[in-house]
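Let's take a walk through this structure together, one stop at a time. Have a look at it below before reading on.

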Amino acid sequence: MTLDPEIVLLGVLICIFAYSLLTKAIARSIITLPIIFMVVGYIAAGPIALMAEPELLDDGKRLLAEITLVLVLFSDASHVRTQKLRRSFGIPLRMLVIGLPLTIALGTLVAYGLNPSSGMAMALLTAAVLTPTDAALGQTVLSSDSVPESLQQTINVESGLNDGLVLPFVLLGGILASAGMQGANTDGLVVSALLQITFGPLVGICIGWTAAKAMGLAQRQDVMAEAAGGVAFVMVAFSAYLLSELVGGNGFIAAFTAGMVFGNTYKYPLHFISEFMEGIGQLLTMFAFLAFGALLLPDGFAHMTWNAVILAFLFLTVVRMLPIMVSLWGTHLHVSEKLFLGWFGPRGLASILFTLIMIDEFDFPGEDELLACVSMTVFMSIILHGMSAAPLAKWIGKTVPNE
């Protein structure tokens, strides 16, 4: 029996409405938005797959992930206060400069050890796409009053910048895997990587500062309606992303940097960003995880192996936590804070997006296995990080009093 698309859409809309009615109750539980809509998507996977041609669905899920990630990065970054971050910037810097390369190195060894026949290049690609963390899965932690603000800022900055910093490793893994480790054309890779991580922040700074000054002038002249703030926020976020991509930079780094500069330059309340993300932004997040459950998770389960399950578990625990603990060695942080930062590195939209991009742009053996590993890791992350967020937020609040 095939359900009509209208019936499927009606069912999804009813789920969204029910979630809206129970938002506060759900926030007090261990169930999160990504968990709910991933399950809804998985249940409706069959009918949704028949709604359009596979190519159209593939393009749609990638575009939806990109749009959602850009808005989440800009929004979260706009609430990072550089004055407060400056006092403790060494912590996220250590996690990015020391922890990230160690995570990729350890992850490559683990992936290769579990499946040596796939080769070192595929192991590197697997480790690289599973290294970036996702702020969208950490909203409970980032919004909790129990979690010290310094830890929230650290998690936010790390998740905003690590997807751009890991991109050169993703590209290297894709190129070497597609070339079979022999005769790989890596010409221009170093230059491309440098452009990505250089032009991205520069474009973000320019766009964020210019937009903040322009909107500040409009506010002082009383020529901008309050309701227009949400529209302006969306335009600034995507302008930073698109301009950076046009000049060879990383659009996601640009969006995050633009958000940070905008939030620290704009002298008026930023409630319009929060209001937008609580409405349209949350709706996009719902559909992003619904698409994951409907279009990616079934394929992941279809190609799932015990190696993929073990790899997913290790990447969420040892491969993530051990390098973070090493990178924070010698800091003033308590062991509980180091463990907290090590655990809350959820995998989500960034890992999904990188995997889709690599599969689209490169041909390499083991694409189904890579998709299975990423899908299983994101699936387990949605469940484990989602269900542990509220309890661990309360625990760290009692262990480490807020500033």
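Predicted model: local features only at pLDDT ≥ 70, side-chain atom pairs only at ≥ 80, totals over all residues.

Residues are numbered from 1 along each chain as its sequence is written, and side-chain values use heavy atoms, leaving out hydrogens and water.

Start with the largest pocket, which has a volume of about 1100 Å³. A pocket here is an open set of points on a 1 Å grid over the protein atoms alone, where a 1.4 Å probe fits, with protein on both sides within 12 Å along at least five of seven lines; lining residues have an atom within 4 Å of a point. The volume is the space filled by probe spheres set on the points, which are joined across faces, edges and corners. Of the 38 lining residues, Gln139, Thr140, Leu142, Ser143 and Gln282 sit closest to the centre. The lining divides into 14 nonpolar, 20 polar and four charged residues (Ala, Val, Leu, Ile, Met, Phe, Trp, Tyr, Cys and Pro count as nonpolar, Asp, Glu, Lys and Arg as charged, and the others, Gly among them, as polar). Among the elements giving two or more residues to this lining are α3, α5 (54-78) and α19; helices are DSSP runs (H or I, at least four residues), numbered from the N terminus.

Now follow α3 (residues 33-43) to α19 (residues 367-399): their axes come within 9 Å and cross at roughly 145°. Axes are lines fitted to C-alpha atoms over the stretch in contact, with angles from 0 to 180 degrees between N-to-C directions. Pro34, Ile35 and Met38 in α3 meet Phe379, Ile382, Ile383, Gly386 and Met387 in α19, contact meaning heavy atoms within 4.5 Å. That makes seven nonpolar, one polar and no charged residues.

Helices α7 (residues 90-114) and α16 (residues 318-327) also pack at about 145°, with axes 8 Å apart. Their contact divides into 11 nonpolar, four polar and two charged residues.

Finally, α5 holds both Lys61 and Asp58, three residues apart, about one turn of the helix. Their side chains meet in a salt bridge (3.0 Å, N to O), one of three in the structure; the term means a side-chain nitrogen of Lys or Arg within 4 Å of a carboxyl oxygen of Asp or Glu.
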